[in-house]
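This briefing goes through a protein–DNA model by topic. The points below can be read next to the sequence and the coordinates.

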Number of protein chains: 2
Amino acid sequence: MPIVYSFFKVLTASDTSTHGGFSVLPRHANECFPALDMNQQIPVQELIAEDLHGREWRFRHIFRGQPRRHLLTTGWSTFVTSKRLVAGDSFVFLRTSQFIVGLNKYLEAVNKCFGVSMRFKMRFEEKVSPRRSYTGTVVGVEDLSSQWENSKWRSLRVQWDEAASIPRPERVSPWEIEPMTLLFGVDLRNPSNAR
Amino acid sequence: MPIVYSFFKVLTASDTSTHGGFSVLPRHANECFPALDMNQQIPVQELIAEDLHGREWRFRHIFRGQPRRHLLTTGWSTFVTSKRLVAGDSFVFLRTSQFIVGLNKYLEAVNKCFGVSMRFKMRFEEKVSPRRSYTGTVVGVEDLSSQWENSKWRSLRVQWDEAASIPRPERVSPWEIEPMTLLFGVDLRNPSNAR
DNA sequence: TTGTCTCCCGGAGGGAGACAA
DNA sequence: TTGTCTCCCTCCGGGAGACAA
């Protein structure tokens, strides 16, 4: 499982003030940001981040001040006003991770209410398989682990229709699959039926 | 019928620019604004106006410049940005008038769709009558005049339940009255029934 | 180490008269 | 007469190091 680099900080009054930017703890910057070129007198780079809605945010990441520290300056204040952040709010930074799912994607998936015996289709990347998608049936809905009750993460036990040469999971998350419409037992999207 | 003082102007580029205010034609200012104290070197006063949503707007009305002219300065630019006015838009100024009805009040009233035989209640001002409200029935829905087709103005012909010592109109506008709920013929709001 | 303060400077914009159509 | 221009000056706020907890 890949390591997830992330940090989290409760915003201070200075972080959310109109005068200046956001100060980053050195450990956080080292772990989570691309390395700065420390040969420069004042090391600077542009960071591009994405929020859970898929919107892009650009921040100037600079290492300056006496003593030296990591700061996010240009771009930070528009982020603060746009998100209406105030001192005391929390700021979470992640690079990408499989545990992060777009909010809309998640809400859509949860709305579909997958249940036992429901038919579904799941896409695979082209690099992984020559076929784009495989079909199957939900055969169980249960927590993956008692440690994470009511988590939707890999909550669906599935049975695949056909054998395949590529490895496919026995459990999937609702946002990984698409439900298929059934009408009187005839699967309208099944390729064996005329379209 | 009272005289309605009003003016109307197509906004110029200067009126909507960020630099400066709104210039008022002298005739308009004389007819529609309270008179300025012309003994002052630079006559100034504050105008308080209300939009159709009932929201209050304050403008500084000043008579200055070479040659002298009437201007609305402080408060005008927030009005422009808030209403998203641009050059070419029209600006209408009225003092109060019985023909001006709040937008929400109007929309609500139109939504109620008054029809013949509907029961209603109408409030009167305390100065006019010791009773606060009288009930009646709508007996006709028609244009007040063929000159103003589909106007809701006094479009409802009504019959009052009881005689009263005060003069009451034979025709009312939808926004002047309130519909009363009827259930199996029992008027739930009629004072003669227990509440 | 890191939050706050203060200073500096540039841009936005209000408010004034100049000026011209 | 009245729309536009330009100038002036204030205010806001980003961005820097100073400083202290």
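Leaving aside residues up to four places away in sequence, Ser173(B) touches Lys152(B), Trp153(B) and Arg154(B).

- Ser173(B) sits in the loop between S10 and S11 of chain B.
- Ser173(B) counts as buried because its relative accessibility is 1%, against a cut-off of under 20%.
- A polar atom of the Ser173(B) side chain lies 2.9 Å from the backbone nitrogen of Arg154(B), a residue that is also among those touched by Ser173(B).

**The sheet of chain B**

- In chain B, five strands make up an open sheet with antiparallel pairing, in the order S10-S9-S8-S7-S11.
- Strand S10 (171-172) and strand S11 (177-179) of chain B are the edge strands, and each of them pairs on one side only.
- Two bridges join strand S9 (residues 156-160) of chain B to S10(B) in the antiparallel sense.
- In S10(B), Arg171(B) is the residue that stands opposite Arg157(B).

**Strand S7 of chain A**

- Strand S7 (residues 119-123) of chain A is largely enclosed by the rest of the structure, because four of its five residues are buried.
- S7(A) pairs with strand S8 (residues 133-141) of chain A over five bridges, in the antiparallel sense.

**Surface near DNA strand C**

- There are 21 residues around DNA strand C, and the nearest are Ser14(A), Pro26(A), Thr18(B), Arg64(B) and Thr74(B).
- By class, these residues are four nonpolar, 12 polar and five charged.
- Sugar or phosphate accounts for 53% of the atoms of DNA strand C within 4 Å of the protein, and bases for the rest.
- Phosphate oxygens of DNA strand C lie 2.7 Å from a polar side-chain atom of Arg64(B), 3.1 Å from an N or O atom in the side chain of Arg60(B) and 3.5 Å from a polar side-chain atom of Ser77(B).
- Helix H1 (13-16) of chain A and strand S4 (56-64) of chain B are the elements that give two or more residues to this surface.

**Surface near DNA strand D**

- DNA strand D is surrounded by 21 residues, of which Thr18(A), Thr74(A), Ser14(B), Ser23(B) and Pro26(B) are the closest.
- The surface near DNA strand D has four nonpolar, 12 polar and five charged residues.
- Of the DNA strand D atoms within 4 Å of the protein, 53% are in sugar or phosphate and the rest in bases.
- A polar backbone atom of Thr18(A) is 2.2 Å from a phosphate oxygen of DNA strand D.
- An N or O atom in the side chain of Ser77(A) is 3.1 Å from a phosphate oxygen of DNA strand D.
- A base oxygen of DNA strand D is 3.0 Å from an N or O atom in the side chain of Arg69(B).
- Strand S4 (56-64) of chain A and helix H1 (13-16) of chain B each supply at least two residues of this surface.

**Confidence in chain A**

- Chain A has a mean pLDDT of 77, with 78% of its residues at 70 or more.
- Over residues 182-195 of chain A the pLDDT is below 50, and this stretch has 17 contacts in the model beyond near neighbours in sequence.
- Where pLDDT is low, predicted coordinates should not be read in detail.
- Among the elements of chain A, mean pLDDT is lowest for strand S13 (residues 186-187), at 34, and highest for strand S5 (residues 69-72), at 96.

Methods
Residues numbered from 1 in each chain as written. Chains lettered and ligands numbered in written order. Predicted model: local features only at pLDDT ≥ 70, side-chain atom pairs only at ≥ 80, totals over all residues. Heavy atoms only, no water. pLDDT = per-residue confidence, 0-100. Contact = heavy atoms within 4.5 Å. Pairing = 2+ DSSP bridges. Near = heavy atom within 4 Å. Polar contact = N/O pair within 3.5 Å; in protein donor to acceptor, adjacent residues only side chain to side chain. Nonpolar A, V, L, I, M, F, W, Y, C, P; charged D, E, K, R; others polar. Buried < 20%, exposed > 50% of the residue type's maximum accessible area, 1.4 Å probe, protein only.
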